[in-house]
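Please look through the sequence and the model shown here, with attention to backbone angles, aromatic rings and the charges beside them. The report below takes these topics in turn.

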Amino acid sequence: MFSSVDTIWVLLGAALVFFMQAGFCMVETGFTRAKNAGNIVMKNIMDISAGSIFFWLIGFGIVFGDDFAGFIGKPDIMLLGDSVGGDSYPKLAFLIFQTVFCATAATIVSGAMAERTKFVAYLCYSIVISALVYPISSHWIWGGGWLSELGFHDFAGSTAVHMVGGVAGLVGVFILGPRIGKYSKDGKANAIPGHSLTLGALGVFILWLCWFGFNGCSTVSMTGDEAIASASLIFVNTNLAAASGAFTACAITWIKYGKPDVSMTLNGALGGLVAITAGCDAVLPYGAVLIAIIAGIGLVFGIEFLDQKLRIDDPVGAIGVHGICGAIGTILVGVFAIDGGLLYGGGFRYLGVQTLGVVAVFAWISIAMGVAFSLINKTVGLRVSREEEIVGLDITEHALASSYADFATNITTVSEEAPHVPVAVSGEKPKVADGVKMTKIAIITRESKFDELKNALSDVGITGLTVTQVLGAGYQRGHAEYYRGAPLEVKLHPKVRVEIVVCKVPVSTVVEAAKKVLYTGGIGDGKIFTYNVESVYRIRTGEKDYDALQDEVY
C-alpha cells in the first residue's frame, strides 16, 4: 500500500528538481553574451524535453531494470515491464523524480559548450546522454550495479549526475575548441564576460533553493523518525555547503585579485552544493562545511587551470563546478562519513571505493561521449561557422534578432529649455558674443551614471542636454581588471555622450560638477572634452549665439 506522505515527498522533490532547469537557464544565459541568450533558452527547454521522452522510453529501465553482469539494467521500453518503483510510492512517481535528475546531467553540458555549438548537435547529444550514457553509469551506482555492490556511496548524485555532466562537457569542449577571441596568439586567456550577472545570481539562488529537493527529497520517504531526522540533516548540510563554498571562493578571489570576484563566488555556492550531494546524508554539519571549503579551493584553482593552462574554454564554469567539485565531494565521503569514513576509524577501504567509482565513471563518460561527439561532428557537425559565431547564435540558429527586443537602458534626452543644435567647432581663438565666451562640453561616461550626471548639471544651472548612446573602448596600463581570474580584453562597452553648450555658466563649474559625480577610480569613468564654438543658431526664431542659448518657453 502506498504512503501519501512518501508519494507527496517524492513528487515535491521532482517539482523542485524540475525547476532547477530554470536556474541553470538563468546561470548559463547570464554568464554568456546577449547575442546567444535565445539559443541558451532553447537548449534548456529542449534538454528537459529530450530527457523526459528518452529516459521514459529506455533510460529508466537501463538504470533500474534487472541487473545484467553488474553493468546494465534490463531495458523496460515505455515502462511496460517490471522495472522497480518503490514500496511506498508508485513507479510513475519514481519515474518523474529520476527523469529530472537525468535532465540535470544533460543541461550541464550546455553551459560548458555554450556560444559555439550547433543546435542540432546539442539535440543529438542530449538524446544520447538521456537514453544511454547517463543510465548506464547510474545503474552502476543506484540500480544494483557493480559499484553499489562494492559499497560506493553517492546519495543524490555528485558523481551519478553532476560529474557525468561535467566530464561530458569537458570532452565536448576538448573536441569543440575555444570561442573565437578567447585566446591570443601566444596562448594567453582573454576574459569574455557574461552580459548579466544579475541573471546569473538569480539562477544561483533558484538552484540553491531547489537543491533542498535534489538532496532532501532523495530520501524518498518522510515516514518514521529515522527518515525525518535524515531529511533534516540533509537540509542543514546542503545549506551549509552552499554557504561555505561561496565564502571560500569569495575569500580566495579577494586575496588573489584584490577584489572578490562575483561570478566565481556564485560558482562557489554551486560547487559547495555539488560537493555535498554525494554525502549529504552521511556526514555531520562540520563535515559538510569542510567538504565545501575543499571543493571551493579546488573550484577556483581548477577553473583557472583549465582556462589558462589547458585552454579549456568553459563560459560558465560548468566543468569546474560539476566535474571537479563532483569528484572532490564523492571522494571525501570516504573521509568524513560518520559510518566508515577515514576520520572515524574506518580505514582506507571506503576512501578507495569512492575513488575507484570516480575514476570508473570518468573513464566511461570520457569514452562514451568521445565517441558520441566524434560521430556528431562527422555527420551533422558540432560547431557553427566562424561567421555564425561572431554574429551570434540567436540570429543564425533561430532567426531571432535579439532576445531583448524593445528592452534597453532608459536614457532620456532632457530639453526643458532651448534644445542645442549641432554646432561648428572653431580653431584656437574662442568666439565671444556680447562679451561672453561660448563653449561646447562633451562628456562620455557610463550609462549607469547618467541620472547622477543630469542632476549634478541641473544643480549648476544646466537644463538643456543632448544625449546619444555610443560605444567606447580603452586600455589603462598598470590597472588590469579581471573576470574569473583572466584579464579583461579591450572591447566595446555601452556609453553615453552628453553634449551641452554654455555661455553664462563657467566651464570649470560644469567640469568640476561632472567629475565629482562620475569619479569611481575604476577604468571607464569616462572623459570630458571642451571645444570653442563658432556660432549657434536657433532655427525657429533665427536668434544667434548668446540669444539662441537663452531659455525658451514652450
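## Loop residues with positive phi

In this predicted model, Glu115 lies in the loop that runs between helix H3 (91-112) and H4. Its phi is positive, at about 80°, although Glu115 is not a glycine. Most residues other than glycine have a negative phi. Glu115 is also buried, because its relative accessible area of 1% falls under the 20% cut-off for that class.

A positive phi is also found at Arg311, a residue other than glycine, where the value is near 60°. Arg311 belongs to the loop between helix H10 (285-309) and helix H11 (318-336). With a relative accessibility of 40%, Arg311 counts as partly exposed, since that class covers values between 20% and 50%.

## Aromatic pairs around Trp140

The structure holds 18 aromatic pairs. In one of them, the rings of Trp140 and Trp146 have their centres 5.7 Å apart and their planes at 55°; the pair is therefore classed as tilted, because this angle lies between the limits of 30 degrees for stacked and 60 for edge-to-face rings. Trp140 counts as buried at 5% relative accessibility, whereas Trp146, with a relative accessible area of 30%, is partly exposed.

Trp140 also forms a tilted aromatic pair with Trp364, with 6.1 Å from centre to centre and 55° between the planes. This pair links distant parts of the chain, as Trp140 sits in helix H4 (residues 119-142) and Trp364 in helix H12 (residues 349-379), 224 residues apart. Trp364 has a relative accessible area of 17% and is buried.

## A cluster of rings

Elsewhere in the model, ring pairs join Phe55, Phe60, Phe64, Tyr89, Phe94 and Tyr134 into a cluster. For any such pair, the description rests on the distance of the centres and the angle of the planes.

Two lysines can be described together with tyrosine rings. Lys182 lies over the face of Tyr183, at 5.9 Å from the ring centre, and Lys440 lies over the face of Tyr531, at 5.7 Å from the ring centre.

Lys440 can also be placed relative to Cys503: the two residues are 63 residues apart in sequence, and their C-alpha atoms are 9.1 Å apart in space. Cys503 itself lies in the loop between strand S9 (493-502) and helix H16 (507-518), and with a relative accessible area of 15% Cys503 is buried.

How values were computed. Residues are numbered from 1 along each chain as its sequence is written. This is a predicted model: local features need pLDDT of at least 70, side-chain atom pairs count only at pLDDT 80 or more; totals for chains, interfaces and linings use all residues. Side-chain values use heavy atoms; hydrogens and water are left out. Rings of Phe, Tyr and Trp (its six-membered ring) pair if their centres lie within 6.5 Å; planes under 30 degrees apart count as stacked, over 60 as edge-to-face and the rest as tilted. Buried means under 20% relative accessible area, exposed over 50%, partly exposed in between (1.4 Å probe, protein chains only). Helices (H or I, at least four residues) and strands (E, at least two) are DSSP runs, numbered from the N terminus. A charge sits over a ring if NZ of Lys or CZ of Arg is within 6 Å of the ring centre and within 35 degrees of the ring normal.
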